[in-house]
Amino acid sequence: SPSVALQAQTSPNFYRHPFVKTFLRGVVGTKSIFSTNGAEWSRQRSWFAPAFSLAHLLKLVPGMIEESLVFKEKLTRFAVSGEAFSMNDATMKLAIDFIGRTVGDIHLKSQTEYSPIQDNFAKALCWTAGQTDPLWKKALSPFMMNWYTRRLDGMLGEVIKENYRAGRDDGVEKSILDLALKGYLKDTGKVGGAKAVRPDLDPEFMKIALDKYSFHIRTSNKTSADTK
């Protein structure tokens, strides 16, 4: 029903069922804009909203073009050599590198070299059990997916922390997380003064950043399918 869909999207009183955090925590996390409610959701929405303005999206285009050119070169080499390859694997790596550049201005380089983040994501995906899969895989599926997603979260967390440890002096917001961090620091009063804190040492922001990254990485399989 269009009217019900509109109500769910715009109603300030719309709350997600508590089961969302239990069932979807591996995809949306527990502190992201996709899993929070009420005032907490409104605060996060205000932090991330500027990142989706046309002006900021245009700033992301050069990075997208760079990753697309790498993808083009790979396809050209395959076409010239006649080598058989997996389009799903190629587009998944492209999607993950896109996400690294746009969400956190991080070069994951999944398309050109071994990426443990991409590898653990792919292994977690392989343990998704369907109805026709053998019983042993269905039994092991939740444990193995949890193992690989925990490893993935750990790696993503270190990448995000390292990116903020390095810091930047130009003052230019280059990613979705940069703009979200700006809003977060202003909203929490941690801009300058005694309350100032490095992003990589702020547990609340790091949890939000990790959940945001994790969501996009884990949904990149859908993105790669759309790319094809």
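Asp 119 is a residue of helix 6, which spans residues 116-126. The model described here is predicted. The protein has 228 residues, of which 35% count as buried. Its secondary structure comprises ten helices and zero strands, so the order of elements from the N terminus is α-α-α-α-α-α-α-α-α-α.

**Asp 119**

- Asp 119 counts as buried because its relative accessibility is 18%, and the cut-off for buried is under 20%.
- The side chain of Asp 119 makes a polar contact with the side chain of Tyr 114, at 3.0 Å.

**Helix 5 against helix 6**

- Two packed helices are described by the angle between their axes and the distance between those axes.
- For helix 5 and helix 6, the axes come within 11 Å and the crossing angle is roughly 125°.
- On the helix 5 side, the residues in contact are Asp 89, Met 92, Lys 93 and Ile 96.
- They meet Gln 118, Phe 121 and Leu 125 of helix 6.

**The loop between helix 5 and helix 6**

- Lys 109 is located in the loop that lies between helix 5 and helix 6.
- Although Lys 109 is not a glycine, its phi is positive, at about 55°.
- Lys 109 has a relative accessible area of 44% and is therefore partly exposed, a class that lies between the cut-offs of 20% and 50%.

**Nonpolar cores**

- The largest nonpolar core holds 18 residues, and those touching the most other members are Phe 48, Tyr 164, Leu 177, Leu 181, Tyr 184 and Phe 205.
- Two or more residues of this core come from each of helix 3 (38-48), helix 5 (87-104), helix 7 (135-166), helix 8 (176-188) and helix 9 (203-218).
- Helix 8 is the largest contributor to this core, giving seven residues.
- Another core, of nine residues, lies apart from the largest one.
- Among the members of this other core are Leu 108, Ile 117, Leu 156 and Leu 210.

**Contacts along the sequence**

- Counting contacts in the protein between residues at least 6 apart in sequence, 65% join residues at least 24 apart.

Methods: Residues numbered from 1 in each chain as written. Predicted model: local features only at pLDDT ≥ 70, side-chain atom pairs only at ≥ 80, totals over all residues. Heavy atoms only, no water. Core = buried A, V, L, I, M, F, W, Y, C linked by side-chain atoms within 4.5 Å. Buried < 20%, exposed > 50% of the residue type's maximum accessible area, 1.4 Å probe, protein only. Helix = DSSP H or I, 4+ residues; strand = E, 2+ residues; numbered from the N terminus. Polar contact = N/O pair within 3.5 Å; in protein donor to acceptor, adjacent residues only side chain to side chain. Axes fitted to C-alpha atoms, helices over the stretch in contact; angles between N-to-C directions. Contact = heavy atoms within 4.5 Å.
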